[in-house]
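Student: I am new to this one. Can we take it step by step?

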Amino acid sequence: MTAAALRCDVMVLGAGPAGMAAAAAARETGAEVICVDLFATPGGQYHMQPPAPGGPFGATSQVVEGRAAEARCRDLGVRFLEQTEVFWAEPGFTLFANQAGSPVAIRSDAVVVASGAMERAIPFKGWTLPGVMTAGGAQRLIKASNAAPGRNVVLAGSGPFLLAVANTFGTAGLKLDFYVEMRRPRLSALSLLARNPGRLAEASKLLLGLRRSGARVLTGHQVVEALGDGRLEAVRIAPLDAAGRPRMQHSYTVENIDALCVGYGFRPVIDVTSLLHAAHHFDDALGGWVCSVDETQATTVPGLFAAGETTGIGGAVPARLGGRLAGLHAAGFTGRRVGEGELVALRRQLQGACTFAAGLARLFPFPGHLVEQLGEDETVCRCEDVKISDIGEAIRDGAVDAFSVKMWTRAGMGPCQGRICGTALSEIIARRLGRKSWDMGYNRPHMPLRPVPLAVAEAALGLKAELEEG
Amino acid sequence: MSAQVTVRINGEAFAAEPGTSLASLIHSARGAFRRSPRLAEPRGLFCGMGVCFECLVTVDGQPARACITPVREGMSVEVQP
């Protein structure tokens with residue numbers, strides 16, 4: 001365990017498209033930049049790299065562009081800290097992290113949070129069975145580990161990312177049995193793509209990948225249940241009526257399924273920005289709670305900037321533009337000179353990219369109502385085994401929001417800290433109380449933000465004195 | 001394909017491709033990673049990107065999320081039965 005007390009001008013949290021764009025932009029102005037990321041290789045989820053060069057994804061634009069962005073950062077002199085997880089942050093700024101078992105503390109004048117997104121999970125009957133995983137998790141298995149999620153696979157949920165994952169199966173030469181999208185195709189999708197010809201090519205490529213996966217495509221359908229004894233063995237599929245309710249009398253079971261990959265979209269990772277008391281707001285189309293930023297990507301905390309999915313789910317294009325803007329403004333905050341011309345151009349491009357992302361999001365509204373299908377015996381909080389019936393009991397006893405239900409039941413108190421169940425929990429409580437999910441609050445950040453060995457936490461926090469002396 | 005590494009899971013040796021995640025190995029080798037705390041239900045890989053902690057295992061005596069842990073030659077892994 002070697003302790004590291006580090007200093008820089010601009011600290012970037014996350015090495016995905018937004019983080020690497022921010023790091024490079026800040027470094028170009030002469031600022032010292034450290035970029036911290038959880039994974040062993042920079043790139044985030046979008047630019048995730050194959051385990052060895054080549055393979056079915058080696059030449060894809062996502063992999064090639066990711067490697068180029070990393071190389072550019074390294075050439076400029078950005079310092080990457082891989083396999084590093086921030087578990088605490090203090091204003092001013094000092095961030096405390098665990099680098100694969102070694103304590104790290106970093107002092108910087110400005111911070112860019114580009115920590116990306118996580119799955120916006122919705123519980124359903126049987127979702128805790130081994131073999132049921134998120135669509136993003138399945139994609140990571142295939143792309144980063146050359147592994148198949150299963151032999152007979154169902155991909156289900158809603159949204160453009162589902163199509164991207166189907167394309168991942170097709171590109172890897174893996175078979176998909178069923179592709180189950182709850183929305184039906186709409187003409188407005190075509191008109192959105194017609195207004196954005198660049199994206200039309202992308203969409204056709206994804207559709208080709210879906211076809212190559214061999215999946216039976218069902219739209220206007222939903223996987224209503226995962227079945228199995230100790231692990232996934234079958235799924236139950238139901239068509240949806242005009243109001244979006246499953247028609248159970250027409251549902252059927254597909255046997256011999258060993259992987260069910262489910263995705264309904266993403267929610268921003270906002271633990272560090274909320275810990276540092278930046279303002280956040282709720283926008284269902286952007287993934288729920290998002291970190292609020294102004295046109296310079298500045299949060300409400302001086303010196304704290306945010307970009308990419310942290311500021312709202314939009315994909316890689318706005319992430320890169322927002323990241324570059326954030327990096328330049330963060331460098332400006334530390335006294336570096338930044339050209340006004342580029343800032344104006346970036347802002348205009350970012351606006352265009354966000355308009356497209358918003359149009360796409362409108363086609364796939366978040367189906368929060370799905371929580372109403374949950375039976376009393378279904379598990380909502382996977383970490384602490386909290387069931388719907390426990391939540392109902394807490395509400396009858398007087399719980400009025402996510403925080404009080406957590407105190408009553410431990411829902412959201414486990415190692416994931418409500419990151420997986422938080423969206424559903426708020427939907428469930430709000431619907432029972434006849435209120436709105438954003439009135440339920442979100443899980444407040446606590447020490448540590450992510451589980452960390454006590455010795456590492458203690459050593460990292462102990463580095464603060466050393467950083468203050470210098 | 002590059003030389004394989006050997007990882008022991010509950011004492012049993014498994015070969016894995018370098019650069020891949022420990023989670024991908026456990027997922028294909030046995031499916032379940034742990035048991036839930038109250039109901040002792042088997043749990044499998046879920047988020048696959050370090051958020052959910054369903055893939056928590058013990059690696060060389062330390063708790064680790066298998067999905068963000070690359071396989072390494074000689075790694076010794078304990079998984080709850």
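Student: In which sense do strand S9 (residues 153-157) and strand S15 (residues 259-263) of chain A pair?

Tutor: First, the ground rules: this is a predicted model, where local features need pLDDT of at least 70, side-chain atom pairs count only at pLDDT 80 or more, and totals for chains, interfaces and linings use all residues. Residues are numbered from 1 along each chain as its sequence is written, while chains are lettered from A and ligands numbered from 1 in the order in which they are written. Strands (E, at least two residues) and helices (H or I, at least four) are DSSP runs numbered from the N terminus, and two strands pair if DSSP finds at least two bridges between them. S9(A) and S15(A) have 5 bridges, and their sense is parallel.

Student: Which strands stand at the edges of the open sheet of chain A?

Tutor: The sheet has 5 strands with parallel pairing, in the order S8-S15-S9-S10-S11. An edge strand has a single partner strand, so one side is left without a neighbour in the sheet. The edges are S8 (132-134) and S11 (216-219) of chain A.

Student: Which residue of S15(A) is the bridge partner of A:Ala156?

Tutor: Look across from S9(A) to S15(A), joined by parallel pairing. The partner of A:Ala156 there is A:Val262.

Student: How many residues of strand S5 (residues 94-99) of chain A are buried?

Tutor: A residue is buried if 20 or more other C-beta atoms lie within 10 Å of its own, exposed if 12 or fewer, and partly exposed in between; C-beta atoms are placed from the backbone. S5(A) has 6 residues and is mostly covered. The buried count is 5.

Student: Which residue stands opposite A:Trp88 in S5(A)?

Tutor: Strand S4 (residues 84-90) of chain A pairs with S5(A) in the antiparallel sense, over 6 bridges. Opposite A:Trp88 stands A:Phe96.

Student: Which residue in the turn between S5(A) and S6(A) has a positive phi?

Tutor: S5(A) and strand S6 (residues 102-113) of chain A run antiparallel, joined by 6 bridges. Their hairpin has 2 residues between the strands. The positive phi, about 45 degrees, belongs to A:Ala100.

Student: Within what arc do the buried residues of H2(A) fall?

Tutor: In helix H2 (residues 61-76) of chain A, the buried residues are A:Gly66, A:Ala69, A:Glu70 and A:Cys73. They line one face of the helix because, seen down its axis, they share one arc, taken from the directions from the axis to the C-beta atoms. That arc is 95 degrees.

How values were computed: Expected span 1.5 Å × (residues − 1).
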